[in-house]
Amino acid sequence: MDNCMGIISFSNDLDKNFGTLCNHRPASMLPVGGRYRLIDFFLSNMVNHEISTIGVFTGTKIRSVMDHIGSGKPWDLNRRFKGLFVFPPLYDDHTAKSVGNIHLFHSNESFFSNSTEENIFICNTSMLYRADLEAAYDYFKETDADVTLIYIKVNDPGGRFINCDKISIKEDGRLDHLGTNLGTEENFNLFLGSVFIKKSVYLKIVRDAIEKGTANYLKEALMNNRRKFKFNTFEHLGHVESIRNIKNYFDANMSLLDSDVYKEIFASHGTVYTKTKDEPSTFYRDDAKVSNSLVANGCILDGNIQNSIIFRGVKVGKNAIVKNSILMQKAVIEDNAVIVNAIVDKFTRIEKTSYKKSTPK
Amino acid sequence: MKKEKVVAMLLAGGQGTRLKSLTKNVAKPAVPFGGKYRIIDFPLSNAANSGITDIGILTQYKPFLLNEHIGIGSHWDFDRNAGGLRILSPFAGEAGGRWYQGTANAIYENMNFIDHVNPNYVLILSGDHIYKMDYKKMLDYHIEKQAHCTISVIQVPWDEASRFGIMDTDEFGRITEFAEKPEKPKSNLASMGIYIFNWDALKAYLEKDVKNPDSSNDFGKDIIPTMLADKNNMYAYTFEGYWKDVGTVRSYWEANMDLLSDDNELNLYCREWRIFTKNRNLPPQYVTDQAVVKNSMINEGCIIDGHLEKSILFSEVRVDKGAKVYNSVILSGAIIEEGAKVCNAVVMEGVRVKKGEVIGEENGEHVYLVSKEEIIKD
């Protein structure tokens with residue numbers, strides 16, 4: 001996919017939905033699937049589709065982002081030309097407003113105008129999926145669209161996608177409206193937050209929004225212009241998880257225990273790259289009983305583990321019980337401790353007297 | 001290490017014929033070990049952890065996979081602005097090309113490289129052994145003793161001593177006698193094939209050795225005995241800890257099995273002395289609700305649906321429903337199909353053990369090496 005650059009823009013708007021999990025990390029950096037961060041799926045997807053200039057707008061919680069992404073080496077983005085560009089917020093940005101992200105896109109205009117690519121792929125990291133960007137990009141080019149939005153048709157009787165973006169599409173595939181899903185329809189088109197856009201159109205829309213003061217968010221600015229430019233839509237086929245709060249963060253992780261989802265998320269469209277840690281293999285001791293679980297490297301397991309996601313370097317002691325839980329990196333579950341339906345954050349130690357059981361919201 | 005500049009020369013050209021199919025396509029240092037490593041990762045990581053910044057890797061036998069694995073050494077932080085890792089393969093000169101004839105000859109052929117780095121000391125390593133060692137401590141010992149040459153030794157059981165190069169030392173650790181595979185060993189201090197030389201001393205002996213037509217150009221057989229005969233200051237540095245030469249299929253299998261015992265001295269999980277390797281970035285292993293996993297080590301990308309006991313699985317191994325794997329080492333990408341049974345075996349990369357197939361006996365004496373072409377009994 002030459003001639004296309006990628007943008008990942010972190011928003012801190014959702015962070016409040018994740019309680020202490022997002023005290024120090026933005027939602028885009030949430031650990032997923034035993035050894036990844038949410039952002040890895042997007043970075044890898046873009047890299048696997050040969051996007052070689054990627055800009056990351058980090059939002060305000062930069063420490064976690066810098067630690068994980070660094071120079072971009074795990075994604076081969078540490079290049080002499082092109083590669084990874086990280087944009088932390090300016091400490092005192094006079095153009096900044098208290099809400100929205102449009103000023104960010106505006107204040108970094110030179111990054112866009114100086115790059116050689118003529119198209120931009122912008123993605124939203126609150127959705128977990130592996131898209132065929134090649135097909136979407138071809139469609140975008142073939143139809144000579146100014147903007148192509150990627151969506152998926154969902155059947156959602158349970159309301160998993162309430163408050164997500166919903167789009168309506170005209171018969172010719174053009175975009176009609178974009179709004180919020182209130183759960184009034186079971187079948188609808190879920191907008192995945194990812195768009196292809198011509199750079200010339202992007203620059204016009206952002207400038208126009210700033211000059212006229214008509215939008216706080218890029219999404220808003222785009223929608224204001226949906227009649228003026230050619231907006232069409234591309235359907236993604238596959239599995240999608242929305243990660244908007246603790247409950248569906250938990251569910252998204254658990255969905256990986258389904259072998260079809262595991263294969264799609266980890267094996268379709270190339271490897272998912274992440275920062276590697278040089279952990280040895282995981283050691284299962286004599287008394288370990290592990291079933292239906294995803295286990296990363298570097299763990300030493302001696303207890304009873306069921307329906308769980310175990311991140312790198314976790315220790316589970318003798319007779320400990322871990323059920324329906326997510327144990328993040330280097331968590332230690334001591335002998336005889338019991339953890340059920342829980343998310344245990346990095347470096348947490350659960351002692352034998354503890355008993356954690358809860359029903360996730 | 002500014003004042004005492006040291007360059008490490010890692011001999012990685014060995015074929016390891018006794019490992020049979022394991023070294024059919026790769027040099028012995030590139031043979032996989034311990035769930036995710038290759039043997040050479042141990043000396044490479046030791047060198048990195050010891051603060052060595054200049055290292056030459058001497059390759060010769062089937063180097064393709066080894067070269068690919070090592071790359072520019074970035075996994076061991078050897079990709080540096082100054083110094084770093086260089087792969088030194090045999091090359092052609094004005095007088096034509098020559099293969100490395102022996103361990104000492106391999107160093108002799110690369111004297112230009114060593115002179116270019118201009119070190120005070122040369123550390124000779126072998127890519128064939130599994131151990132964790134701080135070479136810095138050995139160098140400190142070498143400097144303290146004002147030695148010309150220091151040889152790292154390890155105590156071996158007396159009845160095995162005649163298989164090794166044996167050092168006899170005085171009370172200060174000075175080597176008084178060296179015997180290669182002696183029938184009646186005078187001591188049980190065996191050479192580990194790790195030497196530190198003062199570069200000027202080694203250079204002189206290498207130049208002398210190459211002129212001797214009777215020499216086999218080997219450190220153990222030629223250089224060390226000659227230096228000793230000339231009364232150089234030669235000291236033995238005693239190493240304590242896990243050290244294993246995986247020469248045969250059986251010892252290879254045993255060394256892997258060693259990792260499964262709780263008191264194994266290698267302790268791969270020690271954070272202070274990590275073993276680094278090329279990382280493939282595979283997804284986590286998936287253990288299904290049918291699976292039973294006991295006393296085993298499993299690497300990334302494996303999908304376990306069967307029964308696993310006392311085994312080591314490398315990456316992307318699949319153990320299907322009802323399959324049983326006992327006391328075995330399964331290398332990357334192998335598939336154990338439904339109902340198959342594998343005991344006391346080493347199953348090589350990409351091998352498919354077919355549905356219902358049985359390899360090895362549960363309480364048997366033998367170790368089996370399973371490759372795509374054949375099954376070898378050891």
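Predicted model: local features only at pLDDT ≥ 70, side-chain atom pairs only at ≥ 80, totals over all residues.

Modeller: The side chain of Lys247(A) meets that of Asp251(A) in a salt bridge, with 2.8 Å from N to O. Both residues belong to helix α8 of chain A (residues 246-255), and they are four residues apart, about one turn of the helix. Asp251(A) is partly exposed too, at 28% relative accessibility.

Why do such pairs form at all? Side chains of opposite charge can pair when their charged atoms come close.

Now hop over to chain B, where Arg98(B) and Glu109(B) form a salt bridge with their closest N and O atoms 2.7 Å apart. Arg98(B) sits in the loop between β7 (96-97) and α3 (103-109), while Glu109(B) is in helix α3 itself, so this pair ties together parts eleven residues apart in sequence. Arg98(B) is partly exposed at 43%, whereas Glu109(B) is buried at 12%. Back in chain A, salt bridges with shared partners link Asp144(A), Asp146(A) and Lys198(A) into one network.

Over all chains there are 33 salt bridges. One of them joins Arg25(A) to Asp345(A), with the closest N and O atoms 3.0 Å apart. Arg25(A) is in the loop between β1 (4-9) and β2 (31-32), and Asp345(A) is in the loop between β25 (343-344) and β26 (349-350), so the pair ties together parts of chain A that are 320 residues apart in sequence. Arg25(A) is buried, at 8% relative accessibility, but Asp345(A) is partly exposed, at 22%.

Methods. Residues numbered from 1 in each chain as written. Chains lettered and ligands numbered in written order. Heavy atoms only, no water. Salt bridge = Lys/Arg side-chain N within 4 Å of Asp/Glu carboxyl O. Helix = DSSP H or I, 4+ residues; strand = E, 2+ residues; numbered from the N terminus. Buried < 20%, exposed > 50% of the residue type's maximum accessible area, 1.4 Å probe, protein only.
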